[in-house]
Amino acid sequence: MKAFLDENFLLQSKTAERLYHEYARDMPIIDYHNHLPPDQIAQDLQFKNIAHAWLYGDHYKWRAMRANGVDESYCTGERSDREKFQKWAETVPYTLRNPLYHWTHLELQRYFGIKDILNGNTAEEIYNRSSEMLQETSHSCRNLLTQMNVKVVCTTDDPLDTLEHHQTFAAENTELKMLPTFRPDKFILIDAPSFVSYVRKLEEIVGFTIASYDDLVKALNSRAQAFNALGCKLADHGLEQIYAEDFTPEAADKVFKAVLAGGNPSLEDSKVYKSAILHALGVMYSGLGWTQQFHLGALRNNNRRALRTLGPDTGWDSIGDFPQAVALSKFLGKLDEFDQLAKTVIYNLNPADNEVIATMIGNFNDGSIAGKIQFGSGWWFLDQKDGMIRQMNALSNMGLLSRFIGMLTDSRSFLSFPRHEYFRRILCNMFGEDIENGELPNDISWTGQVIQNICYNNAAQFFKF
């Protein structure tokens with residue numbers, strides 16, 4: 001019987017062990033998509049305690065706690081940090097076979113050297129030990145990243161963001177890079193109640209009136225240029241699905257002006273506008289030399305009562321079953337037709353779409369660069385062992401896993417970076433199993449190089465940070 005979370009955790013063969021320890025383990029990290037707060041990195045924040053670092057904003061843990069019968073006051077409410085941590089500790093034993101069980105104990109080991117199992121009885125000691133360490137300089141926000149050998153973090157930023165924290169950080173010229181990512185979804189979702197207010201806020205930032213669709217495109221381009229000046233190389237969109245209706249700029253302008261005047265767009269008009277602005281943004285990304293990312297398939301804010309009382313992004317989202325193939329093909333194809341298709345990463349949240357995405361990317365990989373169109377790693381509900389394996393198997397069967405740009409955290413937590421280790425162990429175990437079974441040649445040197453490429457080198461070459 002193997003020990004829990006030992007040095008060969010998830011590695012089921014001697015070949016897998018060798019691939020991980022000799023090739024994958026020590027590779028640096030490029031975390032090209034996350035939700036880390038830029039101000040905390042710029043200020044090199046020191047967390048008050050482990051609950052502050054671990055539980056604030058972590059809807060993964062909140063969902064588990066709620067499922068375990070924990071009152072909301074211990075999740076997002078006014079209970080003390082120590083009380084919240086106790087309830088999380090009491091929940092952990094019930095997360096067996098959920099990735100949270102692995103992540104929790106990986107993070108305790110990697111950042112704090114704590115190998116005890118977290119539960120209600122060990123909570124106090126673990127809280128005190130980890131919280132004390134978090135007061136040390138070695139465990140400031142930046143040094144938590146350095147401990148994990150992180151070289152680049154790309155935060156996710158709204159066009160309305162002043163980028164002041166990125167400017168402050170960039171002026172320090174540190175070895176660690178923090179770069180912004182452009183996420184203009186607020187200006188795509190024209191049927192959202194807050195759309196017009198966002199447009200008015202954008203006017204204040206760009207310094208001119210936004211009275212037409214062309215004005216909006218001009219304003220977003222202005223913000224993109226500001227992002228670009230700070231090293232931004234990526235845009236990101238979190239959408240239910242791609243919009244690719246037939247449109248004209250004139251039709252989009254008509255819809256836009258009607259909404260500015262207080263009108264409510266029809267479903268058809270909304271799709272026309274969304275299709276137009278998505279295409280315009282895609283053209284812009286191509287001109288800037290950026291990579292565009294699409295996180296597709298989340299069904300958000302399912303619990304209306306929770307949305308009303310707690311707001312969005314508090315753990316009430318799920319996998320959606322939206323159709324993806326036709327619109328995605330049309331959207332990418334229209335950009336490609338005029339050589340305006342930027343490097344693209346497509347993430348799907350519904351595992352039923354794995355093969356759809358794995359084959360779709362092959363339609364637009366044109367040989368200009370290796371892996372120009374990427375099938376992104378398993379994310380959100382799929383960034384666990386089964387989800388990662390299924391994504392990589394689909395990509396292996398229908399594309400080139402060897403050109404994959406690998407893992408990212410997609411996290412708000414500075415303690416989440418052992419997820420890269422988790423991914424690397426799973427990756428090495430997959431290759432090791434194939435070699436042990438005679439399905440791949442016993443060429444450790446080449447296989448190890450492929451693994452290193454997936455872990456770091458492919459992303460470094462793809463994004464050119």
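## Aromatic rings

Two rings of Phe, Tyr or Trp count as a pair if their centres lie within 6.5 Å. In this predicted model, such ring pairs link Phe4, Phe9, Tyr101 and Tyr422 into a cluster. A search of the whole structure finds 22 aromatic pairs.

One of the pairs is formed by Tyr32 and Phe463: the ring centres are 4.9 Å apart and the planes stand at 40°, so this pair is tilted. It joins distant parts of the chain, the two residues being 431 residues apart. Tyr32 lies in the loop between strand S1 (29-31) and helix H2 (38-42), while Phe463 belongs to helix H19 (residues 444-463). Both Tyr32 and Phe463 are buried. A further pair, Tyr213 with Tyr273, is edge-to-face, with 6.3 Å from centre to centre and 80° between the planes. Here too distant parts of the chain are linked, since Tyr213 is in helix H11 (residues 213-229) and Tyr273 is in helix H13, 60 residues apart. Tyr213 has a relative accessibility of 5% and therefore counts as buried. Tyr273 is also buried, because its relative accessible area is 0%.

## Charges over rings

Lysine side chains sit over aromatic rings at two places described here. The charged end of Lys87 is placed over the ring of Tyr74, 5.0 Å from the ring centre. Lys343 lies over the face of Phe462, and its distance from the ring centre is 4.9 Å.

## Two domains

The protein is divided into domain 1 (14-45 + 142-463) and domain 2 (46-139). The C-alpha centres of domain 1 and domain 2 lie 28 Å apart. In the contact between them, 28 residues come from domain 1 and 25 residues from domain 2.

In soluble globular proteins, nonpolar side chains tend to be buried together. The largest nonpolar core of this model has 151 residues, and Phe85, Phe182 and Tyr273 have the most contacts inside it. Helix H13 (residues 267-288) supplies the largest share of this core, nine residues. Domain 1 (14-45 + 142-463) and domain 2 (46-139) each contribute at least three residues to the core.

## Two loop residues

Thr156 is found in the loop between strand S2 (150-154) and helix H9 (164-172). Its side chain reaches the backbone oxygen of Asn34 at 2.7 Å. Neighbours within four places in sequence aside, Thr156 is in contact with His33, Asn34, His35, Thr181, Arg183 and Asp236.

Ser73 is in another loop, the one between helix H4 (59-67) and helix H5 (81-91). With a relative accessible area of 18%, Ser73 is buried, because the cut-off for buried is under 20%. The side chains of Ser73 and Asp71 are joined by a polar contact of 2.7 Å. Beyond neighbours within four places in sequence, Ser73 is in contact with Glu78, Arg79 and Lys84.

Definitions and conventions: Residues are numbered from 1 along each chain as its sequence is written. This is a predicted model: local features need pLDDT of at least 70, side-chain atom pairs count only at pLDDT 80 or more; totals for chains, interfaces and linings use all residues. Side-chain values use heavy atoms; hydrogens and water are left out. A nonpolar core is a set of buried Ala, Val, Leu, Ile, Met, Phe, Trp, Tyr and Cys residues joined through side-chain atoms within 4.5 Å. Buried means under 20% relative accessible area, exposed over 50%, partly exposed in between (1.4 Å probe, protein chains only). Helices (H or I, at least four residues) and strands (E, at least two) are DSSP runs, numbered from the N terminus. Domain bounds come from an automatic or database domain assignment. Rings of Phe, Tyr and Trp (its six-membered ring) pair if their centres lie within 6.5 Å; planes under 30 degrees apart count as stacked, over 60 as edge-to-face and the rest as tilted. A charge sits over a ring if NZ of Lys or CZ of Arg is within 6 Å of the ring centre and within 35 degrees of the ring normal. A polar contact is a pair of N or O atoms within 3.5 Å; within protein, one must be able to donate a hydrogen and the other to accept it, and residues adjacent in sequence count only if both atoms are side-chain atoms. Contact means heavy atoms within 4.5 Å.
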